[in-house]
Amino acid sequence: MQILQYPNEFHIHIPFNNWRNRNLEGVKKLTIRKFDYAKKVWVVPSYLEAEVQRLSENHYAKIVKVENTKPQEVGEIEPLPDLDFEIKLSHPQGFDMREYQKKGVARGMQLKRFINGDEQGLGKTLQSISTLYAAKERGENPFPALIICPASMKNTWQREWTQWTGIKSMILDDKNKNTWHRFHEMGMVDVFITNYESLKKFFVLDMPPKGKLRNSMDIKMKPTVDVFKSVIIDE
């Protein structure tokens, strides 16, 4: 449980963990509280400070006083590194990445796990594809890869993989639900594409019913999910 104290109110955030139900019961015992759906927090007026203090003591939650909500400068972002080798992309019209995209690929190869926060239209898809492709060029093993994206983007991702790298990709559907991994074993496909809504169908073996899930450890995944060496998540 996280409790933030603002000048006029408290914001109480209850994470989705083993203590969720207990924490939720404690918050509901407060004299006045309302749930802010936009911020995903419980809002309690400041004059109930004594009740909130008892809540924090009973639930081992620290009250953090927010003195200044303005953005704070915490340091400078280091310049992105240069890509020190050529990625042999295979676009049919001879297109190449822009310089800032190459720097993004170089940084991605350093971090391995990262969020690409570029604005829409700057080519995050190509940067993501090129990062895995560049890792392969440098002798790493990023395949097979899983792409998770909105349903409307599945064909786009498949087209981009083929257009820029020539690497074969497959969109997961009901026809290959139980056999998709065989295509990689036979050397036919290295990239698999699915949408958020289909993740359970393809990769979850068993999970508690709705309302009974405590944390991710309650989800039993299919053994085939272990085959993936990398994952790209498209918002």
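Me: Which helix gives the most to the lining of the second largest pocket?
Reply: In this predicted model, the second largest pocket holds about 210 Å³ of space. Its lining includes Tyr 100, Gly 104, Arg 107, Gly 108 and Leu 111, and helix H3 covers residues 99-111. With five residues, the element that gives the most to this lining is H3.

Me: Which element gives the most to the lining of the largest pocket?
Reply: The largest pocket has a volume of about 920 Å³ and is lined by 31 residues. Helix H3, helix H4 (124-137) and strand S11 (230-233) each supply at least two of the lining residues. The top contribution, six residues, comes from H4.

Me: How many residues of the lining of the largest pocket are charged?
Reply: Among the lining residues, Phe 114, Ser 128, Val 231, Ile 232 and Ile 233 lie nearest the pocket centre. By class, the lining has twelve nonpolar and eleven polar residues, and the charged ones number eight.

Me: Is strand S4 largely enclosed or open?
Reply: Val 41, Val 43 and Pro 45 point one way from S4, and Trp 42 and Val 44 point the other way. Buried means under 20% relative accessible area, and residues on both sides of S4 are buried. Because five of the five residues are buried, S4 is largely enclosed.

Me: What is the bridge partner of Lys 34 in S4?
Reply: Strand S3 (residues 34-36) runs antiparallel to S4 and is joined to S4 by three bridges. The two strands form a hairpin with four residues between them, and Lys 40 in the turn has a positive phi of about 60 degrees. Within this pairing, the partner of Lys 34 is Val 43.

Notes:
Residues are numbered from 1 along each chain as its sequence is written. This is a predicted model: local features need pLDDT of at least 70, side-chain atom pairs count only at pLDDT 80 or more; totals for chains, interfaces and linings use all residues. Side-chain values use heavy atoms; hydrogens and water are left out. Buried means under 20% relative accessible area, exposed over 50%, partly exposed in between (1.4 Å probe, protein chains only). Two strands pair if DSSP finds at least two bridges between them. On a 1 Å grid over the protein atoms alone, a cavity is a set of points where a 1.4 Å probe fits but cannot get out, and a pocket is an open set with protein on both sides within 12 Å along at least five of seven lines; lining residues have an atom within 4 Å of a point. Grid points are joined across faces, edges and corners, and a volume is the space filled by probe spheres set on the points. Ala, Val, Leu, Ile, Met, Phe, Trp, Tyr, Cys and Pro count as nonpolar, Asp, Glu, Lys and Arg as charged, and the others, Gly among them, as polar.
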